[in-house]
Amino acid sequence: MSSLGDDLRDFIDASPSPFHAVTEMARRLGEGGFTELDETDRWRLRPGGQHYVIRDGGSIVAFRVGSSPLADTGIVAVGTHTDSPTFKVRPHHDLTRVGYKLVGVEPYGGMLAHTWVDRELTVAGRLTHPDGTTTLTKLVGTTLRIPSLAIHLDRSVRDGLTLDPQRHLVPVAGLADEPDLLEQLGAPDALGWDLVLADTQPAATTGTDWVAAPRLDNLASCHAATHALLSAPAATHTQVLVANDHEEVGSNSAEGASGSFLEDVLRRLTAATGDTDPQAYLQAIARSRLVSADMAHAVHPNYADRHEPSHTPLLGGGPVVKHNANQRYATDARTEAWFVGRAADVGVPVQHFVTRADLPCGSTIGPLTATRIGIATVDVGNPMLAMHSCRELAAASDVPLMIKAMTACLS
Ligand SMILES: [Zn+2]
């Protein structure tokens, strides 16, 4: 197990919600000399300046200002997303049924629902208090659970398990006299909350080289991008990290990849470094590149027929470049050659992924960001199995490979 694989496990364990993930990224960037900017302030930026800005808690943009004007050298960015499929706690969540206390939740994103049953779950996220402050929170000392139905009570489960999220995926907190969730979080007077379920089992190693963990999609890419920005040497161009919330639900929000966050920061970067020519931002974008990093499907040994036979990435084989003729991925000849070339410069092998012609293709922040701001984009990701399971699987040996490739692109 590489030390970076251990570090990935620490990063995931520290990040049970997008708000925790952004806080952990900001903490690491802070240790590396990055300081926080607020969107409500007027920015004045100097070459070499290292800063980050957080929008609504779950999205972050960090950057190191290049030594040349943005219009002359553009930016190089790595992009990821901070959210993962889960369940979100409802406003009226305090439920009692047949003597039990339950917590009302709503599915968030496309999870593999059966992987959430019979696990010890916690609740994590943020609370907003009557004085207007917002704090991170996580349930400790007790767990929630979504128990299976015994096979004796439904023999039809042998033909396939059907889970209705409204009726069957309601976590049990205990017996009916259990205190309300907000009381257990120490904030009975909270006025608002964004709380999600998370697995309590820490990220682990399995076999000789694999990481078994929740939220590898896409915290593994957030982890790699943070390392890459911290380790890339200062350059003439401006180096950027963007990590958006809400990818798993379509990215349509103020802080999602289809929202204005990255564009707003880049426009301000151009103006705040002293270039007030209205063409400067557009010149900068025309010179810019984005590595959009989201996890990729490794070939599954038990379902190899679900994969395109000539494109079968393996765990441990290095970063995967994702292609789709219908622009579900933004990779094109130029951006592919750029990423593959930079990876080769530092001895990192790459693999290629396309879906079968008879299967629909997933998507990610890459095409959305390219569409929104017009930046040349390559979609990549480390290979993994069990994507969108409560407990996913990736290779520790791929962690340093992606970091090296991203760092080479940023440099
Ligand atoms: Zn993802």
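A residue is called buried if 20 or more other C-beta atoms, placed from the backbone, lie within 10 Å of its own, exposed if 12 or fewer do, and partly exposed in between. The structure here is a predicted model, in which local features need pLDDT of at least 70 and side-chain atom pairs count only at pLDDT 80 or more, while totals for chains, interfaces and linings use all residues. Residues are numbered from 1 along each chain as its sequence is written.

Helix α1 spans residues 3-13, and its buried residues are Leu4, Gly5, Leu8, Arg9, Phe11 and Ile12. They lie on the same side of α1, because they cover an arc of only 160° around the axis, taken from the directions from the helix axis to the C-beta atoms. Helices (H or I, at least four residues) and strands (E, at least two) are DSSP runs numbered from the N terminus. The buried residues of α1 pack against α2 (18-31), β12 (210-213), α5 (216-231) and α10 (398-410), where contact means C-beta atoms, placed from the backbone, within 7 Å.

Strand β12 also belongs to an open sheet of 5 strands, ordered β11-β12-β20-β19-β15 with mixed pairing, and two strands pair if DSSP finds at least two bridges between them. The edge strands, β11 (204-206) and β15 (296-297), each pair on one side only. Strand β15 runs parallel to β19 (residues 383-385) and is joined to it by 2 bridges; His297 has Met384 in β19 as its bridge partner.

The protein is divided into domain 1 (3-84 + 214-410) and domain 2 (86-199), with bounds from an automatic or database domain assignment. Their contact takes 14 residues from domain 1 and 19 residues from domain 2.

Key:
Contact = placed C-beta atoms within 7 Å.
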